[in-house]
Structure formats: C-alpha cells, structure tokens
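Here is a structure to go through by question and answer. Each answer sets a value against its criterion and then concludes.

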Amino acid sequence: MARDALASPTGTKSALAVPGPRKVRRGDRLFKLVAAGAGSTIVIAIVLIAIFLLIRAVPSFRANHANFFTSPEFKTTDAQNLSFGIRDLFMVTVLSSMTALVLAVPVAVGIAVFLTQYAPARLSRPFGAMVDLLAALPSIIFGLWGIFVLAPKLEPFAAFVNRNLGWLFLFKQGNVSLAGGGTIFTAGIVLSLMILPIVTSVSREVFRQTPRIQMEAAQALGATRWEVVRMTVLPFGRSGVVAASMLGLGRALGETVAVLIILRSAARPGNWSVFDGGYTFASKIASAASEFSEPLPTGAYISAGFALFVVTFVVNASARAIAGGKVNA
C-alpha cells in the first residue's frame, strides 16, 4: 500500500520520492566543506595580517632605545637611534574613541527605539534611510566639517566646561588652544557622528526582532508604551546593542583621515584630558606614510599598527564575551 501511494496513476514515481541516502550525504558533505572554507577565510586572513605585522615590527623592536609601552617619544628620523613608544598614541586613541562611544550609543539607541516602536511606517523608512546615508559620507568630509564648522561652534561650550570642571583631570586645559578646536573633544564628537549609522542600524534590526507575544503580554497587563519598551524591547536587544557598540568602537579606533585633519597639533598630550591634542595610532601612521623608505623607521610605525591590531582584537573579543554572557543570562 505504501509503495502504491508513492506512485502516480501513470506508474511514474511521485515528486515526494526522497533521493538516496548516499546522494544526500555527499551533498551535505560538499556543502559543509564549502561553508567551512568560507568561514575559515577570514580567520586565515587575520592570522596572516598579524604574522606580517609582527615580522616587520620585530627588527624595530630590537633597535628601539625606549620602552615601547610607557615612552611618550616617537622619534624615527635617525634609523640608528630609534626611540618610540605608544603611551601617548594609546591615550589619544582611547580618549577619542570612548568619547565617541559615550555620545553616540544613547542617541543611536533612542533613534532605533523611535523608528521601531513609535514612528509610523511612512516616516520610519525615509528617516532610517537618512541616518544610514551618514555612513556613505567620506571621512575627509567629516574632518573638514569638524575643524572648520563644528570646532568654532564648540569653542564657547568647551571653554565653559574647562572653566567649571577643570578641576577634573578629564577636562583640564590641554596642550592646544581651545580656540583652534583641534582637540580630542572635537574629534570625539565627529567620530560619534561617523559611528552613529552603524550602531543605529544594528540596534534597529535587533529591536525589530523582539517577540510580538512578549510585547502584547506586557500591554495586556496594562503597561504603557515606554514600559513595554523598557521591559521587553531593551532587555531583548541588550546583546545586540553591545555588539553594535563594539562595531562602532572598532570603526572609531581605526579612523584616520578625519582625526588627522582635526588633531593637527604635534604636541604631546600632557594628561588624560579631552582638551589635549596629539595623534591616534591610525593618524600617526598616516601622517608619516610618505616617509616609509627605510626598514627600521617603517617598522616602528608597523609596530604601532600591530598594537592597534591587538587593541581592536581585544575589544571585539571582550564584546563577544559580554554579549554572550548577557544572552546566557
């Protein structure tokens, strides 16, 4: 009876017939190999990049006459007397990136909540597209706008903060004039606008995946719109917001052109103040890219790039651990 049921009235096999197990196993095995190869490509690329940076940096490490981790100097003009360290580069990179993250994440989460929970469909689509268009603007546009348009507008506010909160090390007067606007504070605000589309886009997609049944259950218990967002949408999207924030932080850590235009002062930062100037890892390397002619000085900048590579890797690994822990919780 079962055999007759699988046959058509004309005696041909039905379309429900299942292919042989050998053919299925062969196709699954082939697909698994292709998927594993595609997934390992990025791992192999990262490992090769790390090996290249390390090989090129080791000779300069050996020739360095300063402590690589604690020295504020970065002198590479004399190939026979290299003296370079990443203390100040690390300081400026962390300050500018964290300033951008602190400013961008609350705004991005607010935009994502508005677009997914409050705005009507006819408004959320074009508004979301406008936010995403920020990601298409070139870095040099952000840098020029930041130093020539934003910086003069920020001068009164920066002076007010410095005057009233200067007792805190984070807002002390730095090594550059506030009137010029070439400070970490200005760079951080510009970077926050640059990472805003990334954080907003990922957060928006995560919030849209909130189970409808949970939201309806909260509404059935008499929760207001904000209570629904607070009790269901935000907890559900917490890990996604963390991942989006780390993606934005990685973008801010590696930004080059915009930061190089804004932080024009070559003076060393005096302390952990957002009103300092200086160089980030990426802008320092870019500022000397035209002088990469001798192996040892070039290796000094490659070592700075390797340090940035490690910092970015640690940040992303930490984000994965935090997001995974929140999901399991």
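Q: What share of the residues in the protein chain is buried?
A: In this predicted model, 40% of the 329 residues in the protein chain are buried. The cut-off for that word is under 20% relative accessible area.

Q: Why is Thr 186 called buried?
A: Its relative accessibility is 2%. Buried means under 20%, so Thr 186 counts as buried. Thr 186 is found in helix H6.

Q: Which residues does Thr 186 touch, not counting those up to four places away in sequence?
A: Thr 186 touches Gly 146, Ala 151, Leu 154, Gly 181 and Ile 262. A contact needs heavy atoms within 4.5 Å.

Q: How do you know that the span of helix H8 agrees with its number of residues?
A: H8 covers residues 225-236, 12 residues in all. At 1.5 Å a residue, the helix should span 16 Å. The expected span takes one less than the number of residues. The end C-alpha atoms of H8 are 16 Å apart, so the two values agree.

Q: What makes the buried residues of H8 line one face of the helix?
A: The buried residues are Val 228, Val 229, Thr 232 and Val 233. Seen down the axis of H8, they fall within an arc of 120 degrees, and therefore line one face.

Q: Which helices do the buried residues of H8 pack against?
A: They pack against H3 (87-118), H6 (184-208) and H7 (212-220).

Q: How do H3 and H6 pack, in angle and axis distance?
A: The angle is about 35 degrees, and the axes are 6 Å apart. The crossing of H3 and H6 is right-handed. By class, their contact has 20 nonpolar, 8 polar and 2 charged residues.

Q: Where is Phe 171 placed?
A: Phe 171 is in the loop between helix H5 (139-165) and H6.

Q: What is the C-alpha to C-alpha distance between Phe 171 and Val 161?
A: The distance is 7.0 Å, with the two residues 10 apart in sequence. Leaving aside neighbours within four places in sequence, Phe 171 is in contact with several residues, including Val 161, Ser 273, Val 274 and Phe 275.

Q: What percentage of the contacts with a separation of 6 or more joins residues 24 or more positions apart?
A: In the protein chain, that percentage is 74%.

Q: How many helices and strands does the protein chain have?
A: The chain has 12 helices and 2 strands. Along the sequence, the pattern reads α-α-β-β-α-α-α-α-α-α-α-α-α-α.

Terms used
Residues are numbered from 1 along each chain as its sequence is written. This is a predicted model: local features need pLDDT of at least 70, side-chain atom pairs count only at pLDDT 80 or more; totals for chains, interfaces and linings use all residues. Side-chain values use heavy atoms; hydrogens and water are left out. Helices (H or I, at least four residues) and strands (E, at least two) are DSSP runs, numbered from the N terminus. Buried means under 20% relative accessible area, exposed over 50%, partly exposed in between (1.4 Å probe, protein chains only). The arc is that of the directions from the helix axis to the C-beta atoms. Axes are lines fitted to C-alpha atoms, for helices over the stretch in contact, and angles run from 0 to 180 degrees between N-to-C directions. A crossing is left-handed if the near helix is turned anticlockwise from the far one by less than a right angle, and right-handed if clockwise. Ala, Val, Leu, Ile, Met, Phe, Trp, Tyr, Cys and Pro count as nonpolar, Asp, Glu, Lys and Arg as charged, and the others, Gly among them, as polar.
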